[in-house]
Amino acid sequence: GFFQSVHYSMLNRHWDVVQICETSTPGIFTVWAVLDDRSMQRIKLEVPRIFYVNTRFKEGDTGSNKGISRKLPFGKTCFNLEEVRMTEERYQEHAKEIASQHEDPTVEGLYETQVPLLFRAILDIGCVAKVVNRAGGFKERVQRNRERPDTISLADLKSENTTACPYLPTSRGELRKAFLYHSFSDNDGGARGFIALMAPMEAGRKCHVWVISRNANGQRPPLSR
């Protein structure tokens, strides 16, 4: 039916990512993407918490690196580096236990525990992405098991080269877009600020700016700057 055709179209087409935004569920993001058929799809993306544990060699070890190889910050030695992946919900549940590993004398350090998940998603899939084929992944579940998963994992997507796959080419239709920016003061509860609306599709490509001041005696900012 319709939902099955949508899932298949997601498998075999490039995604031009328009927006990635957080949801109320930890680790779940909403992705708006334009596919090759010019349709815009709303996809739920699951982003895992990924961090690295660097353990020192224990007594009796041969000294060979059993983990993965990465260049650590501040010139730290990469002993036995392991990548840990888990859901964000599980990470939040065990955050104190994970942080306590710093007290273990065999652990040199934990890395990338504070990387924002949104940054991780943007870094991994970029602006053009495609579904990859992996065991037990989204593609296999749809094609072989005839499932209709509600979410897709970050591991099921890979970034595509924009030279070979241009981002939002005119062949997929021109998007009419506007840009909204807002900024408010922090020290007075947001009583002062401004809102800017840039609409490139308008004649003359104007930018509209509204200055906001909830204080009747407030002074206008020096806009001439």
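1. Three-stranded sheet. In this predicted model, 3 strands form an open antiparallel sheet in the order β10-β11-β12. Strands here are DSSP runs of E with at least two residues, numbered from the N terminus, and two strands pair if DSSP finds at least two bridges between them. The edges are β10 (179-184) and β12 (207-213), each of which pairs on one side only. Neighbouring strands of this sheet are turned by 10° against each other on average, direction ignored; the axes are lines fitted to C-alpha atoms, with angles from 0 to 180 degrees between N-to-C directions.

2. Basis of the values. Residues are numbered from 1 along each chain as its sequence is written.

3. Pairing of β10. Strand β10 is joined to β11 (residues 192-198) by 6 bridges in the antiparallel sense. Within this pairing, H182 stands opposite I195 in β11.

4. Nonpolar patch. F179, Y181, F194, M198, V209 and V211 make a nonpolar surface patch of about 520 Å². Strands β10, β11 and β12 each give two or more residues to the patch. Patch residues have over 30% relative accessible area and no salt bridge, and nonpolar side chains (Val, Leu, Ile, Met, Phe, Trp, Tyr) are joined within 5 Å. A salt bridge is a side-chain nitrogen of Lys or Arg within 4 Å of a carboxyl oxygen of Asp or Glu; areas come from the Shrake-Rupley method with a 1.4 Å probe. Y181 lies in β10 and is partly exposed, at 46% relative accessible area (buried is under 20%, exposed over 50%, partly exposed in between).

5. Six-stranded sheet. A further open sheet has 6 strands in the order β8-β3-β2-β1-β7-β9, with mixed pairing.

6. Strands β4 and β6. Strand β4 (residues 49-55) pairs with β6 in the antiparallel sense over 4 bridges, and T55 stands opposite V107. Strand β6 (residues 107-111) is mostly covered, with 5 of its 5 residues buried.

7. Cysteines. The structure holds 0 disulfides (pairs of cysteine sulfur atoms within 2.5 Å). C21 is partly exposed at 25% relative accessibility, and C127 is partly exposed at 31%.

Conventions. This is a predicted model: local features need pLDDT of at least 70, side-chain atom pairs count only at pLDDT 80 or more; totals for chains, interfaces and linings use all residues. Side-chain values use heavy atoms; hydrogens and water are left out. Patches are made of residues with over 30% relative accessible area and no salt bridge: like charges are joined within 9 Å, nonpolar side chains (Val, Leu, Ile, Met, Phe, Trp, Tyr) within 5 Å. Buried means under 20% relative accessible area, exposed over 50%, partly exposed in between (1.4 Å probe, protein chains only).
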